[in-house]
Amino acid sequence: MTEQSTSAVSINGVTKRFGDVVAVDNVNLEIADGEFFAMLGPSGCGKTTTLRMIAGLEFPTEGSLQIFGEEVGTLPPNKRPVNTVFQNYALFPHMNILDNVSFGLRMKGVDKKTASAQANEMIDLVRLGGMEKRRPNQLSGGQQQRVALARALVNKPKVLLLDEPLGALDLKLRQDMQTELKSLQRELGVSFVFVTHDQEEALTMSDRIAVMHDGQLLQVGNPEQLYSQPVNRFVADFIGQTNLIDATVADDEMIVLANGTKVRAPNPHPPGTKVAMSLRPESIMIGDREAVPSESQSTSLSGVISSVVYLGHSVVYTVNVDWMPLEVRVPAVAGVSRYEAGAEIAIWWDRLSDWIVPDEGYRG
Amino acid sequence: MSTTKQLRGGAKWALSVNAVLVYVFFYAPIALLVMYSFSNDNLVGRWGGFTLDWYRAFGENQEVQNALSVSLKVALFSTLISVILGTTAALALERYRFRGNRFFDALLYLPVIIPDVTMAVMMLLFFTQLFNFLDAVFGIRFAKGLATVTLSHIAFSISFVSIVVRARLAGMNETLEEAARDLYASRWKAFRYVTLPLITPGVVGGALLALTISLDDVVITQFVAGPGSTTLPVYVFGLIRRGVSPLINAVSVVMLAASILLVLLSLLAQRARGGTTA
Ligand SMILES: Nc1ncnc2c1ncn2[C@@H]1O[C@H](COP(=O)(O)OP(=O)(O)OP(=O)(O)O)[C@@H](O)[C@H]1O
Ligand SMILES: [Mg+2]
């Protein structure tokens, strides 16, 4: 209806308050059509509230919310072209699977025969054929999950909202469903907005991820950007594992670590700024002290190994550098001997693999 | 060791005797009542051989029949109204947060706690004042009768209905209604197709409870009843005052049977599909 570049969901300066609690704080967000978009953050950060505002189950206190260019601010949920997969599925216990799945179509006024036909098609798509007559409590958790998906997708929503849809499943089933969800999304080409507090799940499934904390949107980007270029300490810490080393900016090339060591770390911050250097365990190299390559002299530290954990495909060393322990993960190569605890070694890293984030304030 | 065992044995024995006594205490009167309702003797407590005469008299006695018909009319009508009002009140209190929510919550339990006599006096006072007012202002004259009895029954039944329905609503996940709304159901349709079917056992249970209470009530009814609005329990009460006849036994047995049946149905209804809302 509008030009092609219209976002599926467009959130502008949206705030949601519950009494004194600010659940969502001035969030700006564009979700593209056909995108697999994850909202990631710790418990209570406002993910569900954001999702519920898109669904119309909650109305924003301030700001504008558009779905495909249409302002939906206080439109009731039944008037919005979106559907939700609820955290605990919320299947209707008094209806069988077929009636559950055809509910949305029936409410839209589709006649019973057409609705049943389309529902059956969807039930087959999520591989539940033959279970149409069962009640929800006669299905396993994974099957209920798929009913919830079918019940939402049969309405051909323009955006599908999923609130921790895999939260209640065990690990194996969870991984299967991740793959299944992802391929379903590709097949249908519908935008999925997926809420989770599991960063690994978000990283593996999503085109883009929004990281939230305390109602604020900290960063939006693709998994690689979030992993390698976090905007602040919180994101760096939340996405994947990392070593966060406190430091002070000396100049635009150098920072000073806690024990006075200067290391090379190009950064845009004014001298004296408190920062943290994020070093991923797998981007740190380890070796004898005299083995530090000359080009890495200015990005190295000496330390003592305090523990060694062998993980099969890799070895994780805990290295004490004077004032703090760092985690270092190196591939386990057959035939190459490993260091023992107590060994005095050096660690170094590539000049491009560190990442400097402001220490205070989540917005940088 | 052995002493404790003996003590335990003693305690057990005492408890068993106690249980037996309690049951005797409970059920002996009922057994006697039922037995003497079949006794062919004009004195209530004397066995004169088996007869169905008293039940026949129950069926033929015009006064009893009138009272029964009043009882049924009042019970059915007051139940119908109180189910509608009680369910609506339950929905409002359980699903909507509004100012004074807590206050109304407490108010709703009041009729359950208030002694019958107090309630009766309150209702009587209320109707008297209302009738005086209507007479003085509009010149319309009302008298106590079927309407006052029914209104009083509605007044106390609402509480019972809404307590039972609320228990059901509280156990029902609110997300289900949201899911219905998300699936294009209007508020009304969400209620009609999701909420209502799920609380129906509670509504039916509440209705049966209201029916039972209405059929059993003596105290309140007696205060607000007028000529021609004597219910069966009130009639029985009147009979006793005039002197006991075994006819009372027969009427009582019928009322007892009806009450037990209704309470059982009510329990069954409340339990029905209890597992599905978890
Ligand atoms: N209806 C409500 N009334 C009052 N406060 C609420 C309400 N809903 C949410 N909140 C508050 O808003 C904040 C954000 O809640 P929200 O449910 O969006 O978090 P979440 O990110 O989904 O967390 P989780 O991962 O635990 O589900 C929390 O502090 C929560 O207590
Ligand atoms: Mg949540």
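Colleague: What makes A:Arg52 and B:Glu178 a salt bridge?

Modeller: The term asks for a side-chain nitrogen of Lys or Arg within 4 Å of a carboxyl oxygen of Asp or Glu. In A:Arg52 and B:Glu178 the closest N and O atoms are 2.8 Å apart, so the pair meets that rule. Across the interface of chain A and chain B the rule finds 1 salt bridge.

This is a predicted model, where local features need pLDDT of at least 70, side-chain atom pairs count only at pLDDT 80 or more, and totals for chains, interfaces and linings use all residues. Residues are numbered from 1 along each chain as its sequence is written, chains are lettered from A and ligands numbered from 1 in the order in which they are written, and side-chain values use heavy atoms, with hydrogens and water left out.

Colleague: How do you know which residues are in contact between chain A and chain B, and how many does each give?

Modeller: Contact means heavy atoms within 4.5 Å. Chain A gives 24 residues and chain B gives 18 residues.

Colleague: What area is buried between chain A and chain B?

Modeller: About 2000 Å², with carbon and sulfur atoms giving 64%. Buried area is the accessible area (1.4 Å probe) that two parts lose on being put together, summed over both. In chain A, the residues that lose the most area to chain B are A:Asn78, A:His94 and A:Met107, together 30% of what that side buries.

Colleague: How much of ligand 1 does the protein bury?

Modeller: Taken alone, ligand 1 exposes 640 Å², and the protein buries 61% of that (Shrake-Rupley method, 1.4 Å probe).
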